Amino acid sequence: MKKLLLPLLLVGASLVPRAQSYKMVGENPWFLSLGAGGVYYQHSGESQFSVPTATVNLGCWITRPLAFRFGFDMMMTPSHYQNGGSNSSMYFMGSAEFLWDVNATFFNVYNGTFLKPFPFYPMLGVGMVMRPSVAVGGVKHGWDDDFQAMLGFHFPVRIASLWDAFLEYKWFFLSQHFDGSENNNFMHSITLGVTHRWTDNPFSRKTEFSSRSTAEDWWVGFGIGPNFSSYSFRNIDEWDMYGITPEIQFGRNFSNVWTIRFELSGLTAHEPFDTLENRAGATYKFSNLHTDVLVNLTHALSFTRGVRLNVLPYLGAGLIWRYDELTFNMTCDFGVMLRYYLGHHSDIYLDAKYMLVPPTIAGIQPEAGQELSKAYSDWGAMPSITVGYIYNFGTNSTRYRYPAKWSPK
């Protein structure tokens, strides 16, 4: 799974500058931030607050409400193996992160009111976590690395024309076997820092390529399709490992390139295939609530009139839970949506999604005092394909334009 995720992150990151479009933001939308603070590490029912933690972020605004950045975090705190001792380990995080300016989305923030009155940016990110080897009681525990997902908030305050101070909170969700843990595995970092911007205001004037008012370009979608409970794609030919995924999504096209959606999906899935008894694992009911950032490749370089089929790869993160034994955890998803224009208010779509499933959600439980089974040490996954209908509210100007020579009959 890690071998698949890292190339996808790199490909997704390479699309950001290309899809940025100088028409959507100012001439120099880049920024650099530095911060320091503390970390609260939770693992296997244990927890500890430690200092220091440090963060370095390099990013750019990609449209009026969205910024993308590469985040690099370092934490120093006792590992699971060092709990109760005086020694600490180093942890390194690398993430691809999106920041969403809520003020610019809902309150018509223009150039003169950037960072006013009380801005806050929800964040989501995905990436990798690494911990160098540690030795405890003469036993050496080797280098460990794994996938991580992040949700958080960024609170900036302008202190000069090109400088902001900020308070930032990040909630990192780690694999439930990372660092020798046997249960939920979280890191909470709180940092104070400064941001340097290359321009006083990253926003440009609104153009025909962006949503023109707060009330425009919203949509709701409904779909359904099959999913497959995948554990390294074993037993993909077993029909008993397939389930059903209905979904409802609500989103907005902020420009001809960038879209954000919130989606609630999920119904049935299966625990790992029982190879001893040669039967599918137990069925369980689950739901997944997540936020996705979508890039419209069809119009990434230039808007083409009369194009009905739009191709939108995406990346997202959110919460997943199962209902029989109410258990919540973090998940990451990525995929591609094919969206076809039918009319002013109507689209149909096909969505191919790959969702990571934490081990305890999937029903993989370690025996007392032991780590997760090596056979299932990586996260499970749930690929799915759904088809559905999208209704677009009111005026929408970013998804389709009639050909220049078109005239109604």
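Here is a short chat about a predicted model of one protein chain.

Student: Before we start, what should I know about the numbers?

Tutor: Residues are numbered from 1 along each chain as its sequence is written, and side-chain values use heavy atoms, leaving out hydrogens and water. Since the model is predicted, local features need pLDDT of at least 70 and side-chain atom pairs count only at pLDDT 80 or more, while totals for chains, interfaces and linings use all residues.

Student: How many helices and strands does the chain have?

Tutor: Both are DSSP runs numbered from the N terminus, with at least four residues (H or I) for a helix and at least two (E) for a strand. Counted that way, the chain has two helices and 19 strands.

Student: What share of the residues is buried?

Tutor: Buried means under 20% relative accessible area, with exposed over 50% and partly exposed in between (1.4 Å probe, protein chains only). The chain has 409 residues, and the buried share is 53%.

Student: Which residues touch the most other members of the largest nonpolar core?

Tutor: A nonpolar core is a set of buried Ala, Val, Leu, Ile, Met, Phe, Trp, Tyr and Cys residues joined through side-chain atoms within 4.5 Å. The largest one has 17 residues, and those touching the most other members are Met75, Tyr91, Met93, Phe172, Leu174 and Met187.

Student: Which residues are linked in a network of salt bridges?

Tutor: A salt bridge puts a side-chain nitrogen of Lys or Arg within 4 Å of a carboxyl oxygen of Asp or Glu. Glu247 and Lys353 meet this way at 3.6 Å, N to O, and Arg261 pairs with Asp351, with the closest N and O atoms 3.0 Å apart. The network links Glu247, Arg261, Glu263, Asp292, Asp351 and Lys353.

Student: Why does Arg261 count as buried?

Tutor: Arg261 pairs with Asp351 in a salt bridge, and Asp351 counts as buried too, at 0% relative accessibility. Arg261 counts as buried because its own relative accessibility is 0%.

Student: Where do Asp164 and Arg197 sit?

Tutor: These two form a salt bridge, with the closest N and O atoms 2.6 Å apart, and both are buried. The pair links distant parts of the chain, 33 residues apart: Asp164 is in strand E9, and Arg197 is in strand E10 (residues 185–197).
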